[in-house]
Amino acid sequence: MSTTVELVEVGPRDGLQNEKKPLDVDTRVELIRRLVGQGARRIEAVSFVRPDLVPQMAGAEEVMAKVPQDPEVSYIGLVLNRRGAERAAQTPCTEVNIVIPVTDSFSTRNQNLTVDAMLDHAAAASQVARGAGMRVSLTLAVAFGCPFSGPVSTGQVADVLLRAAEIEPDEIAFADTIGVGVPRQVRELAALAVGDDRIRKLRFHFHNTRNTGYANAVAAAHPDPSTGAVPGGVIALDASVGGFGGCPFAPAATGNIATEDLAYLLRGEGVPLAGNGHPDIDALARVGTWLGEQLDNSPQGLLVRAGDFTPPVPAPDKEGTEK
């Protein structure tokens with residue numbers, strides 16, 4: 001059984017934040033313009049964090065002032081606290097994404113706060129965002145494993161999830177920040193969300209550090225029917241064009257799953273995509289190639305290396321529906 005998948009393009013934020021070469025505002029805007037041109041409709045565009053800590057994300061307000069304005073495109077700004085949400089509220093951002101690690105060891109190193117304190121900050125930032133008419137996503141970072149404290153149990157994630165759900169966000173995301181997760185964990189975490197009526201929408205963020213990111217994406221797109229329907233019938237999956245990405249505060253957190261590779265996989269699997277349907281995969285791969293040239297770095301997306309190839313569309317069954 002499959003569900004509808006919504007692709008969330010995180011290349012302009014998570015794709016760039018760990019790169020050695022910062023890109024200027026105009027180049028970041030051009031990346032967003034190209035992604036919009038290829039059908040991206042939810043884009044994590046900027047991060048409202050201190051530029052001295054993450055210089056690749058400097059100039060968030062300037063980027064947002066220049067991005068294409070399209071009522072069908074939703075721009076997400078990552079924030080960590082009330083101040084970040086206040087900055088986002090002064091821009092065309094329509095959503096904020098607030099990151100809450102599930103381990104104190106990661107939270108204190110990444111955000112200099114305990115998990116409990118981050119939940120308080122998330123509640124305050126959410127209040128600001130809602131007051132400005134923005135939607136709110138809460139991302140539970142290192143939900144599959146922590147680079148400092150090791151394996152993370154489903155029970156540990158469930159404890160943070162229960163408290164995060166009290167904030168009543170529009171969306172909850174589980175992030176495999178360092179790419180250690182496997183499909184079993186995806187199913188277990190999805191079951192937690194399905195069982196909580198306060199969770200309106202579910203989202204996953206995968207890294208392909210150990211070549212399990214795409215297997216995890218397939219597991220998310222084919223939820224266990226025994227646990228019930230996913231919230232809203234839609235699962236959002238983060239991906240980064242070219243497979244760029246990583247976390248500057250997480251050792252060995254290599255690239256995200258590539259948008260073009262994920263789109264290829266989902267098309268071949270016959271998984272319906274929300275929004276404008278399946279994108280032009282080859283054109284997306286060319287955006288990844290262009291981005292690699294700007295960064296003086298090689299894309300991690302495999303379609304960029306393999307060359308143009310359009311995957312077969314699943315043949316309809318006798319009733320005329322996709323198998």
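## Rings, a pocket and a cavity

Phe204 is buried, with a relative accessible area of 0%; buried means under 20%, exposed over 50% and partly exposed in between, using a 1.4 Å probe and protein chains only. Keep in mind that this is a predicted model, where local features need pLDDT of at least 70 and side-chain atom pairs count only at pLDDT 80 or more, while totals for chains, interfaces and linings use all residues. Residues are numbered from 1 along each chain as its sequence is written, and side-chain values use heavy atoms, leaving out hydrogens and water.

**The rings**

Ring pairs link Phe204 with Phe144, Phe174 and Phe206 into a cluster. Rings of Phe, Tyr and Trp (its six-membered ring) pair if their centres lie within 6.5 Å; planes under 30 degrees apart count as stacked, over 60 as edge-to-face and the rest as tilted. The structure holds four aromatic pairs, and here are two from among them:

| Pair | Centre to centre | Angle between planes | Kind |
|---|---|---|---|
| Phe144 and Phe206 | 6.1 Å | 70 degrees | edge-to-face |
| Phe204 and Phe206 | 5.4 Å | 15 degrees | stacked |

Which parts of the chain does the pair of Phe144 and Phe206 tie together? Phe144 sits in the loop between E5 and strand E6 (145-146), and Phe206 in the loop between E9 and H8, so their pairing ties together parts that are 62 residues apart in sequence. (Helices, H or I with at least four residues, and strands, E with at least two, are DSSP runs numbered from the N terminus.) Phe144 counts as buried at 3% relative accessibility, and Phe206 is buried too, at 1%.

**A buried glycine**

Gly179 lies in the loop between E8 and H7 and is buried, with 0% relative accessible area. What does Gly179 touch? Leaving aside residues up to four places away in sequence, Gly179 is in contact (heavy atoms within 4.5 Å) with His207, Thr209, Arg210 and Thr212.

On a 1 Å grid over the protein atoms alone, a cavity is a set of points where a 1.4 Å probe fits but cannot get out, and a pocket is an open set with protein on both sides within 12 Å along at least five of seven lines; lining residues have an atom within 4 Å of a point. Grid points are joined across faces, edges and corners, and a volume is the space filled by probe spheres set on the points.

The largest pocket holds about 750 Å³ of space. Of its 41 lining residues, the closest to the centre are Val49, Leu78, Leu80, Asn110 and Gln111. H4 gives the most to this lining, with five residues. Sorted by class, the pocket lining has 17 nonpolar, 15 polar and nine charged residues. Here Ala, Val, Leu, Ile, Met, Phe, Trp, Tyr, Cys and Pro count as nonpolar, Asp, Glu, Lys and Arg as charged, and the others, Gly among them, as polar.

As for cavities, a search of the whole structure finds one of 30 Å³ or more. The largest cavity has a volume of about 60 Å³, and helix H7 (183-194) and helix H8 (213-221) are the elements that give two or more residues to its lining. H7 gives the most, with four residues.
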